[in-house]
Amino acid sequence: MIRSIKGTSTRIPHLKSSMIYDFSPTEIFKRFGKQVQDWGSLSPSKWMSKAMQFIPTGVLKGEGLQNYVTTALHNYGGSNDFSALNAELYIGTTHQDTFEHVIMGASPFHHVAISDAIRASCAVPPFFTPHKIESEYYIDGQISSPCDLDLLIRRGCSLIFIVDPIVPYSTPETGLTENAGGLYNLIQTIKTLINARFRSELAHSIERYPDVDFLVFQPYGECSSVMRGSPLKYKFNTQITDLAYQGTLRRLHARYEVYRAKLLKYGFELVSPEEILKMEEEGIVVN
């Protein structure tokens, strides 16, 4: 994936910003036209309610991302079919109308194309438009459930690695959030709600399943600062990748004995603290 971002991969296409940021003016104008038709017949008391319907559910089509995933899977020699995989894959989504949590890859949604499931799981309001699968609309799974821990445990997992990037940015600087504007506050609010539910679900799972071990990795420090605010500002370079890699190694080093003891229970050996420091200094090595 890093080679794909750099454009040096010989196996999968170059992942470009234009593939992600495919704005959908058609969707915006279509919504405007639909709502403005009966505007004149409305009483002034209903104008505000009608005006709210002008706001689109997303500004990015997501077609470029879905096409990229489909092509990458094909070029890599993989499959776009859940049932054809040699390992289990589950992708969480949310039904837009019922707000029911729907897990693609699990019955009865194992027939859905993987690229469709990924596209639906990326539909984070108000950025990507909801994705239509058959006759239903789906959005990001973290809206309804931040992490499908129960599913993994039912499938027999006793050592679970959790990579959770949805963490609100915390700052001691008074007024920074206020000065950043409404969109930044909306994103912070969404991240806070998701993160609070994740912590609650994790605490519940730890109490309910004492024999299951969880290793959680979240952004903090400089990585958290870079990832704050709108995901639309992210440029496709390796800055976030490098920071996440270094941050993970620092966490492994800081909590070395805890992680080492947990991994040893399952036959894994964590490299020495000296080797972790050396890996951090060298950074990610990708030709």
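**Local features of a predicted model**

E134 is exposed, with a relative accessible area of 63%. In this predicted model, E134 belongs to the loop that runs between β3 (131–133) and β4. Its phi is near 60 degrees, a positive value in a residue other than glycine. A second residue of this kind is F99, which has a positive phi of about 55 degrees although it is not a glycine. F99 is located in the loop between β1 and β2. With a relative accessible area of 49%, F99 is partly exposed, because the cut-off for an exposed residue is over 50%.

The protein as a whole contains 13 helices and six strands. Of its 287 residues, 34% are buried. Contacts between residues at least 6 apart in sequence were also examined, and 66% of these join residues at least 24 apart.

Strand β1 (residues 91–95) is mostly covered, with five of its five residues buried. The cover extends to both faces of β1: I91, T93 and H95 are buried on one side, and G92 and T94 on the other. Five residues lie between the strands of the β1 and β2 hairpin, where F99 takes its positive phi near 55 degrees. In β4, the residue standing opposite T93 is D140.

The loop between β2 and α6 (114–121) holds V112. V112 counts as buried, as its relative accessibility is 5%, and the limit for a buried residue is under 20%. Leaving aside residues up to four places away in sequence, V112 touches F82, M104, A117 and I133. V112 and F82 are 30 residues apart along the chain, and their C-alpha atoms are separated by 7.5 Å. The loop between β2 and α6 also contains P108. The peptide bond that joins S107 and P108 is cis, with omega at about 5 degrees.

Helix α9 (residues 182–208) has 27 residues, which at 1.5 Å a residue should span 39 Å. The C-alpha atoms at its ends are 39 Å apart, in agreement with that expectation. The buried residues of α9 are Y184, I187, Q188, K191, I194, N195, F198, E201, L202 and S205. These residues pack against α7 (149–154), β5, α8 (176–179) and β6.

In helix α12 (residues 256–264), the buried residues are Y256, Y259 and L263. Viewed down the axis of α12, these buried residues fall within an arc of 75 degrees, so they line one face of the helix. They pack against β5 (159–163), β6 (213–217), α11 (239–254) and α13 (273–282).

One aromatic pair is found in a search of the whole structure. The pair is formed by F217 and Y259, with 5.8 Å from centre to centre and 45 degrees between the planes, and is tilted. The pair links distant parts of the chain, as F217 is in strand β6 and Y259 is in helix α12, 42 residues apart. F217 counts as buried at 13% relative accessibility. Y259 is buried as well, with a relative accessible area of 2%. An arrangement of another kind involves R11 and Y76: R11 lies over the face of Y76, at 4.1 Å from the ring centre.

Key:
Residues numbered from 1 in each chain as written. Predicted model: local features only at pLDDT ≥ 70, side-chain atom pairs only at ≥ 80, totals over all residues. Heavy atoms only, no water. Buried < 20%, exposed > 50% of the residue type's maximum accessible area, 1.4 Å probe, protein only. Helix = DSSP H or I, 4+ residues; strand = E, 2+ residues; numbered from the N terminus. Arc of directions from axis to C-beta. Contact = heavy atoms within 4.5 Å. Expected span 1.5 Å × (residues − 1). Phe/Tyr/Trp six-rings, centres within 6.5 Å; stacked < 30°, edge-to-face > 60°. Lys NZ or Arg CZ within 6 Å of the ring centre and 35° of its normal. Pairing = 2+ DSSP bridges.
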